[in-house]
Amino acid sequence: MTALLLVLVVAMPRVVIPNDFTPRPYQARFMRYLDNGGKRAMWVVHRRGGKDLTALHQTCKAMHERRGAYWHVFPTSAQGRKAIWEGFRKDGIRTMENVFPASIRKAPKAFLPNAEMVVELKCGSIWRLIGSDKMEVVGAGPVGVVFSEYALAKPRTWDLVRPMLRENDGWAAFITTPRGTNHAKKLYDAALKDPSWFCELRTLVDTRAYDPEKTLAEERASGMPEELIRQEYLCDWTAALVGSVWGDLLEALERRGAVAEFSHNGRPVYTSWDLGFTDATGIWFWRPTPNGIDVLDHYENQGRPLSHYFDELDRRAAESGYRYAKHWLPHDARAHTLLTGASIQEQFELRYGRGSVAIAPSLSLLDGIQAARWLLQRETRFHSRCAAGLEALKAYRYEFSEDRKTYSKKPVHDWSSHTADAWRTTACVVRTAELLARPDEPAAKPLARDLNSFSLDELWETAPQRDTRRI
């Protein structure tokens with residue numbers, strides 16, 4: 001019986017994946033680490049360094065060695081669809097066809113643009129392309145996960161996936177270019193100190209995947225900002241927060257020690273919201289101060305009913321002693337929902353009483369962004385509990401257009417947008433209240449005489465005199 005089984009095993013054909021991918025030396029090192037049973041990889045490589053293509057081919061190989069679920073996680077599913085599902089290699093071959101050819105694929109028969117981004121192989125393994133902004137498939141138990149452009153991904157995603165990989169003895173690979181000193185930089189620093197991790201950073205000068213001198217000269221001549229060149233091609237972590245809407249102010253705020261532990265002393269607490277019916281809902285907890293605000297807390301979740309957020313408000317009130325003065329909602333809270341027949345505002349009032357909720361002033365996106373800048377330049381401070389919210393504010397960014405050589409007029413809509421919108425709601429409330437609190441200018445008294453009847457001496461005596469001591 002043993003001999004028969006041995007013959008059957010030997011006779012089984014070895015799976016050969018028909019593709020023409022030949023890794024470069026720096027790509028081969030990454031693949032070899034995972035081939036040898038490595039579980040955690042942090043791979044920082046310059047723009048167009050073949051990170052995704054290398055990781056996809058490595059995943060396809062792993063899918064034949066161990067049957068299971070595999071994920072490729074982009075910052076957003078829309079970005080993943082554009083870059084991978086609908087993407088092409090530089091030689092014109094579809095990326096998905098190259099990685100998962102028809103000879104090894106059970107489904108789909110064709111990679112249609114709007115189809116569900118799932119591939120099932122004949123060996124039984126399933127690959128899925130998802131976004132970090134919407135992790136609907138949490139609980140599916142992956143055995144291998146690639147986080148693409150991790151520096152732009154929602155940081156909390158790794159916390160959700162890590163327990164599943166630990167239970168399944170699975171592996172995770174983080175592939176990215178730098179985006180300032182954010183969560184990806186923290187993970188990179190930790191990986192450098194852990195010998196069990198694969199951790200490499202390779203610039204264009206290191207890999208010479210294409211001519212670095214010519215590329216950098218052409219990008220500078222075309223108008224690409226120098227900090228973006230350092231970030232994209234030279235993998236410079238210190239080229240911080242390129243395109244960030246509020247990044248410069250948040251860095252200044254941290255330098256002055258405005259992120260710290262402090263007590264709210266039982267004073268009334270306000271909340272400001274961005275409501276997500278299908279997306280995430282973001283909430284900031286704060287209290288006004290004479291010259292700014294103290295930001296006490298932050299919370300975000302998605303796919304939960306409004307009752308979940310009510311329970312979260314009550315839980316934090318019980319644990320931290322928050323005494324809510326008012327909940328500020330965006331203007332769409334007035335809309336009635338089909339599920340309940342009542343507006344969000346009305347549901348708040350049913351739970352917490354009339355007068356407990358108000359609709360925030362409606363400002364344009366640009367005015368809201370400027371109000372948020374104004375608030376960050378005041379004596380505003382954040383409690384250390386707000387770390388996740390601060391990461392989102394740092395990540396809120398304008399995208400650089402390669403065609404126009406300029407940044408977009410509107411910030412990118414991604415995982416950071418909901419917390420950023422809640423912050424704009426906060427700023428609109430505080431800014432409007434500050435303007436309303438200013439004393440009115442005294443009304444000009446009407447002239448009792450015709451202007452032409454005044455002499456030059458009389459006009460000089462009534463004119464406001466400048467204080468020459470300030471010059």
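Predicted model: local features only at pLDDT ≥ 70, side-chain atom pairs only at ≥ 80, totals over all residues.
**Entry 1: the whole protein**
I began with the overall make-up. The secondary structure comes to 17 helices and 17 strands. I then looked up burial, and 49% of the 471 residues are buried. For contacts between residues at least 6 apart in sequence, I noted that 69% join residues at least 24 apart.

**Entry 2: Asn 301**
I found Asn 301 in strand E12, which covers residues 292–302. Is Asn 301 buried or exposed? Its relative accessible area is 11%, and buried means under 20%, so Asn 301 counts as buried.

I also checked what its side chain meets. Leaving out residues up to four places away in sequence, I saw Asn 301 touch Ala 280, Thr 281, His 308 and Tyr 309.

**Entry 3: helices H12 and H13**
Then I turned to two packed helices. Such a pair is described by the angle between the axes and the distance between them. H12 spans residues 306–320 and H13 spans residues 344–352. I read an angle of about 40 degrees for them, with the axes 12 Å apart. H12 and H13 are therefore oblique to each other, and their crossing is right-handed.

Which residues of H12 and H13 meet? On the H12 side I listed Leu 306, Phe 310, Asp 311, Leu 313 and Asp 314. On the H13 side they meet Ile 344, Gln 347, Phe 348, Arg 351 and Tyr 352. Sorted by class, this contact has six nonpolar, one polar and three charged residues.

Conventions. Residues numbered from 1 in each chain as written. Heavy atoms only, no water. Helix = DSSP H or I, 4+ residues; strand = E, 2+ residues; numbered from the N terminus. Buried < 20%, exposed > 50% of the residue type's maximum accessible area, 1.4 Å probe, protein only. Contact = heavy atoms within 4.5 Å. Axes fitted to C-alpha atoms, helices over the stretch in contact; angles between N-to-C directions. Parallel < 35°, antiparallel > 145°, perpendicular 65-115°, else oblique. Left-handed = near helix turned anticlockwise from the far one by under 90°. Nonpolar A, V, L, I, M, F, W, Y, C, P; charged D, E, K, R; others polar.
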